[in-house]
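Please look through the following report slowly, with the structure open beside it.

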Amino acid sequence: MNRREFLTGAAAGLGAAYLKPQAFASMPAKFSATDTVVLGKTGIRTSRLAMGTGTIGGGGASNQTRTNALPRLLMNGYDNGLLFFDTADSYGSHPDVAQALKQIPRDKVVVMTKCDDRDPKRAQADLYRYLKELKTDYIDICLIHCVTEEDWTTRYRGVMDVFSEAKEKGIIRAHGSSCHTLEALQAAAASPWVEVDLVRLNPIGAHMDAQPAVVIDVIKQMRAQGKGIVGMKILGQGAMRSRQDEAIKFALHSGVLDAFTIGAENTNEQADLIRRIAAA
């Protein structure tokens, strides 16, 4: 067993006690970035911390892709027990993720990506393009990216049907949304189609859909239905960079997140995140 296999096995063992969503009262006293968690009822097991690849991302680039060091950063995270790759078409990080996947058994990691197209035909073409860009036969989680409309589950039914068909074919394992308004979040909570939701959560309400208490109430509704919940904007898009410990502790002890994503930009930041999560 090499070091990489040992770390992956150790991460799975350490997280064995947390394979089902827990109520706040039964949350573990100690956390680790490499704890194994299950995303709702999807059956998808991964690490508590996802490696974000979209800091200041959009238009096909992000802080991570601009450094040209993202594949090495992803591999460093994997070597240290992080098994969750958070990417998106708009970040331009698919080729970087593909480079990392060349060096890793595909079934050892979870890849989550996001689609911005609202036209069903284009969204279908996007999915097959993503497979080519990622150089993989399947995508673990695919989300409709950045939904804002309160009627999005009706308005974008065509795209939802494309994702459902892709799941039936084994192209994706789970589908859902990333929400960017309270109304969109509430619609996601009401929709049985949403299996995984990417939600914005931090203690000061920075770049969130509403105040934390309001958002947490909606997330609780989602969890009651068995939806997988992945947190984002944990550091408030940089607003809490000087208060990282507070933000991380809030995310861990909120009792409503299965996992969360933070975009480290180098190996030092990545190691610091792992340390802070353990300390929290």
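## Exposure and the model

A residue counts as buried when its relative accessible area is under 20%, as exposed when that area is over 50%, and as partly exposed in between, with a 1.4 Å probe and protein chains only. By this definition K135 is exposed, because its relative accessible area is 58%, and of the 280 residues of the protein, 55% count as buried.

The model is a predicted one, in which local features need pLDDT of at least 70 and side-chain atom pairs count only at pLDDT 80 or more, while totals for chains, interfaces and linings use all residues. Residues are numbered from 1 along each chain as its sequence is written, and side-chain values use heavy atoms, with hydrogens and water left out.

## Helices, strands and contacts

The protein has 11 helices and 10 strands, where helices (H or I, at least four residues) and strands (E, at least two) are DSSP runs numbered from the N terminus. Contact means heavy atoms within 4.5 Å; among contacts between residues at least 6 apart in sequence, 71% join residues at least 24 apart.

Helix α4 (residues 94-101) and helix α5 (residues 120-134) pack at an angle of about 50°, and their axes are 7 Å apart. The axes are lines fitted to C-alpha atoms, for helices over the stretch in contact, and the angles run from 0 to 180 degrees between N-to-C directions. Angles under 35 degrees count as roughly parallel, over 145 as roughly antiparallel, 65 to 115 as roughly perpendicular and the rest as oblique, and α4 and α5 are therefore oblique to each other.

On the α4 side the contact is made by H94, P95, V97, A98 and L101, and on the α5 side by Y130, E133 and L134.

## An aromatic cluster

Rings of Phe, Tyr and Trp (its six-membered ring) pair if their centres lie within 6.5 Å, and planes under 30 degrees apart count as stacked, over 60 as edge-to-face and the rest as tilted. The structure holds 2 aromatic pairs. In one of them, W152 and W193 are edge-to-face, at 6.3 Å centre to centre with 75° between the planes. W152 lies in helix α6 (residues 152-155) and W193 in the loop between α8 (182-190) and β8 (196-200), so this pair ties together parts that are 41 residues apart in sequence.

F163 and W193 form a tilted pair, 6.2 Å centre to centre and with 35° between the planes. This pair also links distant parts of the chain, since F163 is in helix α7 (residues 157-168), 30 residues apart from W193. W152, F163 and W193 form one aromatic cluster. F163 is buried because its relative accessibility is 0%, and W193 is buried with a relative accessible area of 8%.

## A buried strand residue

T113 lies in strand β5 (residues 110-115) and is buried, with a relative accessible area of 0%. Leaving out residues up to four places away in sequence, T113 touches several residues, including T87, H94, Y130 and I141.

## Positive phi values

Most residues other than glycine have a negative phi. What is the phi of K135 near? The value is near 55°, which is positive in a residue other than glycine, and K135 is found in the loop between α5 and β6 (139-147). Phi of C146 is likewise near 55°, but C146 lies in strand β6 and counts as partly exposed, at 33% relative accessibility.
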